[in-house]
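Subject: Structure handover

Hi there,

Here is the structure I promised to send over.

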Amino acid sequence: MISRRNIRVKVMQTLYALETMEPGAIKPGTATSLLNEKLDQTSQLFTYMLYCLTQVAQYAEIDAQTRASKHLPSAADLQVNTKIAGNEFIFQIINDKGFQVNLEQWKLKYLPEPDLIRKLYNTLTATDIYQKYIQEPGRNKASEKEIMEYVYKEILIKNELFLQHMEDSFLHWSDDAEMMDLLVANYMHKPHLFNFLQLISREKLEYARELLLTVLDKKEYCLELIKPKLQNWDPERIAAVDMLLMEMGVCEFLYFPTIPTKVTINEYIDLAKAYSTPQSGQFVNGILDNILKDLDQANQIKKVDRTKK
């Protein structure tokens, strides 16, 4: 559900946070505690995105009640279609106990702005897709899912006010936005496979913690391998994120036998491009590639086929 790329980002963020802390503030367990907070942020966002979906859909009932209670309601005011409020997909989300636990634990119910939800709903009702949906007699599974996919992809994610709301409400929104698209799409395809209380599999959670602790434990050795490759570069002037990504990459080379070296290099090139300077991708690629050649020659790279492990 949550990709290894997302996990690498969380580990990188945790390592960066640790480097900016005063040494005395770092105690046993601080690193894993910070990592857990970073991983929880992804679960918070995912839960909230689905909650916003339910809020937009259920606003149909609020709209119907508001318009019907006018002093002189028109015929249209008295005939507001509330079909989407009873969408089967919406009920599946709402009735999930893990979803409700997350809402309460992180107090997410208090985040949505009523005026924003109203505007999103009005944007939706003005579309031909919505009008076609409410005019279809009865309900079928495909159309129930399709309309909610449409709400997410075309109404929420393409709305500037909503995106600004997400940035204002979640400092880590920009880091997880792409992952949310994947998670929501996967959830809509196979909601029964999701456990809101454990969005990260045990295998990936173990990988995240092992990667974090390995980088911390092997930092000095990683730097011994990295610094000779920097040539005319002053290590102190290299972007901190670049150094962390290279340390993570070296650790994956040496201590994660099921991750192919090519995958490691490609992943950290992409992360450098996304989270550091414009030149960082090429820089990280060059350093890691040189280190890998030396490790290969020294026969220090031991990789195994995951399927045969």
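Does Tyr 187 count as buried or exposed? Tyr 187 counts as buried, at 1% relative accessibility; buried means under 20% relative accessible area, exposed over 50% and partly exposed in between, with a 1.4 Å probe and protein chains only.

Before you go further, please keep in mind that this is a predicted model, where local features need pLDDT of at least 70, side-chain atom pairs count only at pLDDT 80 or more, and totals for chains, interfaces and linings use all residues. Residues are numbered from 1 along each chain as its sequence is written, and side-chain values use heavy atoms, with hydrogens and water left out.

**Aromatic pairs**

Rings of Phe, Tyr and Trp (its six-membered ring) pair if their centres lie within 6.5 Å; planes under 30 degrees apart count as stacked, over 60 as edge-to-face and the rest as tilted. By this rule there are 11 aromatic pairs. One of them joins Phe 46 and Tyr 187 edge-to-face, at 5.9 Å centre to centre and 75° between the planes. This pair links distant parts of the chain, 141 residues apart: Phe 46 is in helix 2 (residues 30-68) and Tyr 187 in helix 9 (residues 173-189). Helices here are DSSP runs (H or I, at least four residues), numbered from the N terminus. Phe 46 is buried too, with a relative accessible area of 0%.

Tyr 48 and Phe 170 form a tilted pair, 5.3 Å centre to centre with 50° between the planes. Tyr 48 lies in helix 2 and Phe 170 in the loop between helix 8 (160-169) and helix 9, so the pair ties together parts 122 residues apart in sequence. Tyr 48 is buried at 0% relative accessibility, and Phe 170 is buried at 4%.

Ring pairs also link Phe 46, Tyr 51, Phe 89, Phe 99, Tyr 187, Phe 194 and Phe 196 into a cluster.

**Helix 6**

In helix 6 (residues 128-135), the buried residues are Tyr 130, Tyr 133 and Ile 134. Seen down the helix axis, they fall within an arc of 90°, so they line one face of helix 6; the arc is that of the directions from the axis to the C-beta atoms. These buried residues pack against helix 5 (114-125) and helix 7 (141-156), where contact means heavy atoms within 4.5 Å. On the face turned away from the buried side sit the exposed residues Asp 128, Lys 132 and Gln 135.

Best wishes

Conventions. Helix = DSSP H or I, 4+ residues; strand = E, 2+ residues; numbered from the N terminus.
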